[in-house]
Amino acid sequence: MTDPEQAILEIVKNAYDADSKDCTIEVDTRATGTLEHTSVASVLSRFGESTDTVEAELFAPEEYSGQEASDESDPPLSRKLSYTGKICIRDQGDGLSAEAVRDSWLVVSNSIKRVESGMPKPKTDEGRTPLGDKGLGRLGTMRLGDILLLRSAQEGSSTINIAWFRWKDCDGAETLDTIPVQISAEPNTGGFKGTEVIVLGLNDLAKWRDERRAAEIAFSIAAIVSPFESIKTFPVSVRIDGKSYDMEQVTSDLLAQAVSSFDFKFQKDDGQSDDYHLLAKATFRQSVFTASANPEAVDRARSVFSKDHGKDFLAWLKQSKKLNKKYDSLEISPGGDWVIEIKDRTPFSRIIKGNQSVIGNPGQFSGALHYFNFGRSGPAAAGSGATSARLKRVGGIAILRDGFRVRAGDDWLDLARSMTSGSTYHLRVDNTIGYFALSGEHNFRLTEKSDREGFVGDQYYRGFEEIAKKCRDFSNKAQEDVRRGLDQYLREIEISENNAAGMSSKAAVKTVKSSASSINAAAKTVAAIAETQRTAIATLNSKVSPVERADEALGLAQQNLATMEKLAADFDKMRDLAAAGAVVAQEIGMRSEQVAALVESAAVGLAARGLTHELHTHLSEIERSTSLIRKTLQGTECAEKIRLQLRHIDLARRAMSGAAAQIDPMLPRTRAVKEQLDVANFIGEYFAARKSDLEREGTRAEVVRLDGALVVRMNRNRLLQVVDNLVLNSRYWLQDDGAPETGHRHITATVDSRGFTISDNGPGVEPKLEETLFELFVTEKPNSEVGQGLGLYITTQLLQLDGCTIELLAERNAKGRRHQFRVDLSKLVDTKAN
């Protein structure tokens, strides 16, 4: 045990296991008293050492009536223990019989609740699944104090069974059976039923008496019992030196302050199937948009919701293909408490797909995350009851087993990573509370460590971790999509108000440049008008004759009219400046987000670039060395023995060389060179080079020519990158559970006079990704996979460099999914060769 709270928790768990209706924890740091018992010198003489809170005194009794024989060689001896400080943990449970006290409670690491490993525990009479199994409750008390005393009685018992011993005695005992243990009984005149675990002679009395420390311990004890799923039939109360500390619970008042909430259920599929899936739901309040640390963002959001309570925006969001197709369902409720609801369903097989570790199904469980925003507008939006200090006291993301917290790291779900490498809209450690509710009934394969500091990291815990990470990623993605939806809506409004609809970013930049020239011309015209006016007025003032002055004034007016007409023409050229500015601003905003997201990937790319250079050098050295070994051992007895090993080395070297070659298209030395390429032959050679890998995967690849040959002038490695990204995606999904059996899988490259199409007979593209597939970091691959949602985005960018495009064709396969990727290379067609 690492702290007093965890030690107390283990005893509270015992009270729960005993079907007690409640549990009380009372601490009295100023309680004093004595315990006294008599034995013989051989039993007690070595156990007379005192501690800071327990004073031990050995003395010869005046009168002895013990069971041991009294003789001069082993005279009677008494010991009096005077203690300071007391903790009493009391329940009204089943209680222990005298035999259970002697044979179970007093035996280290022995418990009547233990069962065979990997088997579920039998439930109690009240339907509870026992939480303890290793006697850790009594062992943990050594963290609390020196003397452990037990008082327990079963229903209807006429006596109370009592046992006590001193932890300090363990230091002086040569063997466990020599530790003085007192077992007795007293009349049960008050009809007591249950158990009292009492610790006397408290450790660290000064800390217990510090009011701040006492409050911390009290709230820590409260936090280890679920603040979310409070066990209504098992309340726990804490009292320290006469002061009561109510358990900090996340009440409806606190949860009403959350701006977004996420609920999860990991459960069996309907019907007789043993397959499991994760059902995730995200709900958002209007305040998720209006609570922010950025005043400008708050003003923009409020402008949307103050106009029509956000009805127009929510209707736009509902119709947004980009967002609506990402999830299984999206519902809006204008004017409701929760204005947006998103649901999604993910099979367990998809969550763990590609994970190289052995993963086990942990069994069904549920969970929830609640997000609070404490920005500058936080008090108004989030409510005065929800503060970061209060959330911190609740304890972040809890792992609960039957309502009791299981220790985990402060940020075991790794929310902090999103703060540094993810979106600004992701969940934050200090703004998020939640829980994952496990049970002894359904999650018995998850085993707690012996020190109760988390779970054993076996296959079942790894399965639980992968599911929990999927919950985190769903929450981050849903919140980011919804909040970016408002950003996109505002951009579209701005473009519409400035009549910029349909203007491309390239045209907008051209308009800005043209308008800048017109502004310069207009400025010069205005300056010229001012100078002309000054000269003309001076001339007019010098004229004496009214006729002359009138003629001069008329000429000046005509000249000014011509100049103003020219100035109006210059301003007319600037009529689209506002529209162009809106488009450019939107493009800059989107690009800046993309650049920020790519920084981390760029760092990895630079490292890969350096690694590739080093790798080629080492691979060449490996090839040279293996050739030398073959020559040296040729004709010797051991040549045959190592031939197979050398062959494996060669295969590994070629595979590594091929992997390194995939990075080459992005290297500066290779990306500028263009050459004449027959696209069908190029793809055919690509398939031929990977024939053995494809056959091993049970996949057939073929090239179909239409309309004769297609010859383009293009960078070879750039085309390789495009083809490789598309084919690798096909190969990956042809290994999916929904793909045809091995031997019936195929990839087809259809080449025509303008480009080529890559298709396969796998499961096809998830409908929810159809509108976002070519964007940054969009992928359906699980966290454990190498894919990061960059392949198709990079493919798009590479093609755009040459004025080419890629699209997902509308045709659907038998499963109703789109599955054909069309690459248009018409801008690169070599007309002389075709």
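Modeller: Strands β1 and β3 (residues 76–91) pair in the antiparallel sense, over 15 bridges. Strands here are DSSP runs of E of at least two residues, helices are runs of H or I of at least four, and both are numbered from the N terminus; two strands pair if DSSP finds at least two bridges between them. Within this pairing, H37 has R79 of β3 as its bridge partner. Strand β1 (residues 23–40) also pairs with strand β8 (residues 236–240), now in the parallel sense and over five bridges. There, C23 stands opposite V236 of β8.

Please keep in mind that this is a predicted model, in which local features need pLDDT of at least 70 and side-chain atom pairs count only at pLDDT 80 or more, while totals for chains, interfaces and linings use all residues. Residues are numbered from 1 along each chain as its sequence is written, and side-chain values use heavy atoms, with hydrogens and water left out.

The charged side chains come next. A salt bridge is a side-chain nitrogen of Lys or Arg within 4 Å of a carboxyl oxygen of Asp or Glu, and by this rule the count comes to 32. One of them joins D146 and R166, with N and O at 2.5 Å. Because D146 belongs to strand β4 (residues 145–153) and R166 to strand β5 (residues 159–166), this pair ties together parts that are 20 residues apart in sequence. D146 counts as buried because its relative accessibility is 6%, and R166 counts as buried at 1%; buried means under 20% relative accessible area, exposed over 50%, and partly exposed in between (1.4 Å probe, protein chains only).

A second salt bridge links E196 with R151, whose closest N and O atoms are 2.8 Å apart. This pair links distant parts of the chain, with E196 in strand β7 (residues 194–202) and R151 in β4, 45 residues apart. Both E196 and R151 are buried. They also belong to a network of salt bridges that links E26, R90, R151, E186 and E196.

D263 stands opposite A368 of β14.

Another open sheet has five strands in the order β19-β21-β22-β24-β23, again with mixed pairing. β19 (699–705) and β23 (805–808) stand at the edges with a single partner strand each, so one side of each has no neighbour in the sheet. Neighbouring strands here are turned by 15 degrees against each other on average, direction ignored. Helix α25 (residues 716–733) packs on the sheet and touches β21 (745–751), β22, β23 and β24; its direction makes about 20 degrees with that of β22. Helix α26 (residues 791–801) lies across β23 and β24, at about 140 degrees to β23. Strands β22 (residues 755–760) and β24 (residues 820–824) pair in the antiparallel sense over five bridges, and T757 stands opposite R822 of β24.

Finally, helix α23 (residues 679–689) has V679, A680, F682, I683, Y686 and F687 as its buried residues. These lie on the same side of α23 because they cover an arc of only 165 degrees around the axis, the arc being that of the directions from the helix axis to the C-beta atoms. On the other side of α23, E685, A688 and A689 are exposed.

Terms used
Axes are lines fitted to C-alpha atoms, for helices over the stretch in contact, and angles run from 0 to 180 degrees between N-to-C directions. Contact means heavy atoms within 4.5 Å.
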